[in-house]
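Biologist: I'd like to learn how to read a helix and its ring pairs. Can we go through a case together?

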Amino acid sequence: MATPGLSIIQGEHSNLSRVLLCLQRLVTTLGEPPTKPDSALLFLILHYIEAFPETFHHPKEEGHLFKRLRAARPAAAPLLDQLSNEHASGTKYLGDLRSSLEALLIAFNMHAAAREGFRQAATAYLDFERKHMQREEKEIFPLALEALTEDDWSDIAAAFTVHDDPVFGAARQKEFDELRDATQALVPDSGESHPP
């Protein structure tokens with residue numbers, strides 16, 4: 001049985017998955033012969049990930065869902081610690097991706113290594129973030145549904161509704177219009193959020 005709080009978290013995962021799939025599709029266009037990347041869109045993707053999942057989603061998971069689950073199921077502490085550590089590691093992966101994108105744009109026509117460096121950084125980030133979300137969805141969500149009370153879920157839902165997704169939420173932000181349009185064009189909302 002899904003709760004409103006869990007539905008919000010799952011919706012945020014789904015939206016992030018769509019943005020990640022958009023990033024993946026942009027990375028595949030950097031093939032041979034090299035195609036100049038849509039740098040504005042790539043930086044907008046990174047800005048979105050930093051502005052919403054990194055700034056709001058992950059801290060709310062830790063401060064509300066993980067905290068309540070720690071209290072209800074102390075035996076889950078090692079897994080919750082691992083997921084919290086992954087949140088911190090995701091920031092590093094994202095920084096590596098930003099640095100490799102900047103290097104790619106500086107050396108695009110001159111250096112195949114810059115293209116490959118960006119491709120590798122993007123692939124590493126995509127793999128890492130997808131595995132992290134799958135671990136939460138397959139291990140934490142079922143445990144939370146079993147362990148948390150209706151009051152816990154009400155409080156979690158309230159915490160997650162304080163900030164709206166700037167691309168997919170009701171209070172969309174204009175600065176993300178290009179990303180919203182590109183995501184809709186490249187990844188229509190058809191349930192395809194976790195590609196094989």
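Biologist: Which exposed residues does H5 carry on the face turned away from its buried side?

Modeller: Those are Glu150 and Asp151. Keep in mind that this is a predicted model.

Biologist: And which residues of helix H5 are buried?

Modeller: Helix H5 covers residues 150-160, and its buried residues are Asp152, Trp153, Ile156, Ala157, Ala159 and Phe160. Look down the axis of H5: those buried residues fall within an arc of 160 degrees, so they line one face of the helix.

Biologist: Okay, what covers the buried residues of H5?

Modeller: The cover includes H1, H2 and helix H4, which is residues 112-147. For a look at H1, take Ile8, which sits in that helix, residues 4-28. Setting aside neighbours within four places in sequence, Ile8 is in contact with Ala157, Phe160 and Thr161. Two of these names, Ala157 and Phe160, are on the list of buried residues in H5.

Biologist: Is Ile8 buried or partly exposed?

Modeller: Ile8 counts as partly exposed, at 23% relative accessibility, because buried means under 20%.

Biologist: Now the rings. How many aromatic pairs does a search of the whole structure find?

Modeller: Five. Start with Tyr48 and Phe52: their ring centres are 6.3 Å apart and their planes are at 25 degrees, so this pair is stacked. The cut-off for stacked is planes under 30 degrees apart.

Biologist: Where do Tyr48 and Phe52 lie?

Modeller: Both are in helix H2, residues 39-72, four residues apart, which puts about one helical turn between them. Tyr48 is buried, with a relative accessible area of 0%, and Phe52 is buried too, at 2% relative accessibility.

Biologist: What kind of pair do Phe52 and Phe56 form?

Modeller: A tilted one: the centres are 6.3 Å apart, with 50 degrees between the planes. Phe52 and Phe56 are also four residues apart in helix H2, about one turn. Phe56, though, counts as partly exposed, at 24% relative accessibility.

Biologist: Which residues do the ring pairs link into a cluster?

Modeller: Tyr48, Phe52, Phe56, Phe168 and Phe176.

Terms used:
Residues numbered from 1 in each chain as written. Predicted model: local features only at pLDDT ≥ 70, side-chain atom pairs only at ≥ 80, totals over all residues. Heavy atoms only, no water. Phe/Tyr/Trp six-rings, centres within 6.5 Å; stacked < 30°, edge-to-face > 60°. Helix = DSSP H or I, 4+ residues; strand = E, 2+ residues; numbered from the N terminus. Buried < 20%, exposed > 50% of the residue type's maximum accessible area, 1.4 Å probe, protein only. Contact = heavy atoms within 4.5 Å. Arc of directions from axis to C-beta.
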